Amino acid sequence: MKKEKLNIPPATLERLPLYYKALQILDDNEVVLVSTIELAKMLNMKSETIRKDLSSVGNFGLKGVGYEVLKLKFKLGQILGLNNYWRLAIIGVGNFGAALAKYEKITDWGFIVAALFDIDEKKFGEEINGVRIYDFKKFVSISRRKLIDIGVIAVPDDAAQNVADTLIEAGVKGIWNFTATTINAPKEIKVVDENLMAGLSVLSFHLNQI
């Protein structure tokens, strides 16, 4: 049965992970119910924005009471696909790739780092958090065996497209790109870019206004 596609405004979609993270904290602290006012205080946001966002993706609240933390966390996890436990492969085990591989809380968000890849033969066979580093030349066969869903590109910019081409050949469903290179991929492959310098530039703009 084909899933019904949700038409969520981009700005709302960007805020949903913030709500999910807040609900994780509340759940860890055994909080049962939460209001939009309380969420707004946690996130330094307007309660009206949170109420509008949540109502746009479903009717989860209890009138006059608020939201059941565990139920809302599960529902947002469903919407964001975080209940699926997507299997990641990180390509490029330099400083950044290794740091990402060491981030243990990634599993709290529904992701499993299943394999690591590099071209440095000195790294082959080493492990980070119990995950082995493989020769990237073997990516296609290993990724299919390990059922990799998402490829994380953490290589130099000039190698990014070649890496992406291999990921696409292997049949990954999505690419998380940490380079400044614009990745060319078929429309059925979702590419999300994390341009760190662009983020710093936005921060620089705001600081420059002070």
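The lining of the largest pocket divides into 21 nonpolar, 6 polar and 8 charged residues. Here Ala, Val, Leu, Ile, Met, Phe, Trp, Tyr, Cys and Pro count as nonpolar, Asp, Glu, Lys and Arg as charged, and the others, Gly among them, as polar. The model is predicted, so local features need pLDDT of at least 70 and side-chain atom pairs count only at pLDDT 80 or more, while totals for chains, interfaces and linings use all residues. Residues are numbered from 1 along each chain as its sequence is written, and side-chain values use heavy atoms, without hydrogens and water.

A pocket is an open set of points on a 1 Å grid over the protein atoms alone, where a 1.4 Å probe fits and protein lies on both sides within 12 Å along at least five of seven lines; lining residues have an atom within 4 Å of a point. The largest pocket holds about 2100 Å³ of space. It is lined by 35 residues, and Leu-80, Gly-81, Leu-82, Trp-86 and Phe-111 are the closest to its centre. Elements that each supply at least two lining residues include α1 (10-28), β3 (86-91) and β8 (174-177). The most, 5 residues, comes from α4.

The second largest pocket has a volume of about 220 Å³. Among its 16 lining residues, Arg-51, Gly-61, Leu-62, Gly-66 and Tyr-67 lie nearest its centre. Two or more residues of this lining come from each of α2 (36-43) and α3 (47-57), and α3 has the largest share, 3 residues. This lining divides into 6 nonpolar, 8 polar and 2 charged residues.

Volumes are the space filled by probe spheres set on the points, with grid points joined across faces, edges and corners. Helices (H or I, at least four residues) and strands (E, at least two) are DSSP runs, numbered from the N terminus.
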